[in-house]
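Student: Could you show me how to read the surroundings of a residue in a structure? I would like the general idea, and then the case at hand.

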Amino acid sequence: MSERAGAANILVEMHNTRTEVLMSFFALRSANEKRRELWASILDESCFACVIPVTPYRSFPASEVQVSKCQRTILGIDGMMADTASLHVLLNSLVDRSRYPNATIKFRYTLVTEEAVVAGNQMMARWVMTTENAAQCGARMEVTKQGMLCCKFNSAHKIIGLELMFDVMALMLQLKQAAGSDTFSVVPNTVQTCQRNFDMPMLMMLADEPYTIVQVNKLWENMSNYQAEQVVGKSSCRILEGEATDPTAVEALINEIRYKRPASAMVVHYKKTGERFRNFFLAFPLSTDSRITHYLMLSTHVEPIATVLPTPKDFEEATTVVGTKACFLSPSLRCSEQQPGIQLAFRAHAAVANRRSALTGPDPAERLPQEHSTAGATTTIQEGFCSRSPSFGDNGTMSFASDRGMSHQPVRQVAKQIS
């Protein structure tokens with residue numbers, strides 16, 4: 001009896017560990033984790049492969065497609081990281097950028113463990129993916145995807161094979177409804193399929209530095225005030241950058257391009273005339289003969305930035321405070337009554353800011369609702385890849401949401417708090 005009990009305990013422990021590895025995989029996917037070493041701690045570097053249905057509404061390499069089976073095979077850790085980035089680009093395209101310019105859609109996975117089937121080194125289970133704040137970011141509805149998975153593990157409990165099955169057409173219908181659109185465009189993944197008309201500003205460039213522009217459409221010319229002959233073959237895609245362009249956002253985008261992943265970004269750009277505008281665009285890698293050679297940039301939201309200058313009235317109002325002792329600014333900017341010119345300028349600047357706020361309202365990003373509390377969670381994965389704990393439902397489901405907070409401890413160190 002003791003031997004049987006020991007063997008049973010070993011099987012239970014193995015099942016729990018592999019379940020936690022799967023949970024960590026979904027947590028990394030929902031967080032769009034960029035640290036490769038975290039992926040390597042749960043995926044077998046030498047032979048990992050993931051099979052999923054062909055999804056024409058998001059970006060993927062043409063070389064992954066198996067046409068006869070209408071599915072594609074993602075190979076290796078880098079391939080999975082690129083596919084994860086593609087999923088985030090798809091969901092973030094649902095945001096209403098006119099109201100929430102910098103919003104990001106979060107989503108969570110639920111793994112149904114009570115119905116899981118385990119046989120040897122394989123595990124089958126149901127899963128559900130649900131967006132958490134799409135409606136709060138301007139989408140018409142939340143998006144839900146559900147399906148089955150079959151996962152294979154090696155002796156070290158790392159994933160060597162994963163098959164994700166779900167209804168592609170049902171998800172496409174939900175995406176159309178969430179976007180409030182009657183159609184949903186097929187995302188091109190080769191240079192050949194990119195040779196068509198686009199109903200938004202389009203730029204095609206080489207996928208390697210210096211990212212030379214090779215094609216633009218008329219809408220891009222109208223947006224930038226540059227003519228095609230002025231930029232094609234001569235300029236980098238960074239020609240629209242200027243003083244107000246955030247270098248951090250640009251570097252994050254360029255880093256994704258270096259790794260040949262899909263990406264999206266909201267960047268302040270400049271027209272040829274010097275006018276500023278906010279440009280939210282999607283960046284899709286394009287293949288030629290199974291090798292990524294180009295990138296397609298599609299601007300899905302373009303918004304002019306109005307320049308609000310101080311008026312005579314602003315300076316007139318500012319003169320009433322020149323005699324005060326000091327402005328309530330940071331120590332490096334604090335001015336005294338001996339510096340009336342500086343103080344006057346700061347007061348005028350404040351008046352302009354107040355007037356802009358009265359016209360436009362608060363920053364849309366500040367209007368986003370606060371994150372829901374995840375109090376009451378019963379299990380913490382120390383490997384965890386999640387700074388928030390998974391939630392366990394009455395039916396045996398485990399849920400965990402996307403979050404940027406990550407830990408670095410190995411997957412075997414699991415703190416169990418299940419009552």
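Student: Which residues is M266 in contact with, leaving aside its neighbours within four places in sequence?

Tutor: Contact means heavy atoms within 4.5 Å, and by that rule, with those neighbours left aside, M266 is in contact with R97, P101, N102, A249, R278, N279, F280 and H301. This is a predicted model, in which local features need pLDDT of at least 70 and side-chain atom pairs count only at pLDDT 80 or more, while totals for chains, interfaces and linings use all residues. Residues are numbered from 1 along each chain as its sequence is written, and side-chain values use heavy atoms, with hydrogens and water left out.

Student: How far apart are M266 and R278 in sequence and in space?

Tutor: They are 12 residues apart in sequence, and their C-alpha atoms are 6.8 Å apart in space.

Student: Is M266 buried or exposed?

Tutor: Buried means under 20% relative accessible area, exposed over 50%, and partly exposed in between, with a 1.4 Å probe and protein chains only. M266 counts as buried because its relative accessibility is 18%, and T245 is also buried, at 8%.

Student: What does the side chain of T245 reach?

Tutor: The side chain of T245 reaches the backbone nitrogen of G242 at 2.9 Å. With neighbours within four places in sequence left aside, T245 is in contact with V250, V267, V268 and Y270.

Methods
Polar contact = N/O pair within 3.5 Å; in protein donor to acceptor, adjacent residues only side chain to side chain.
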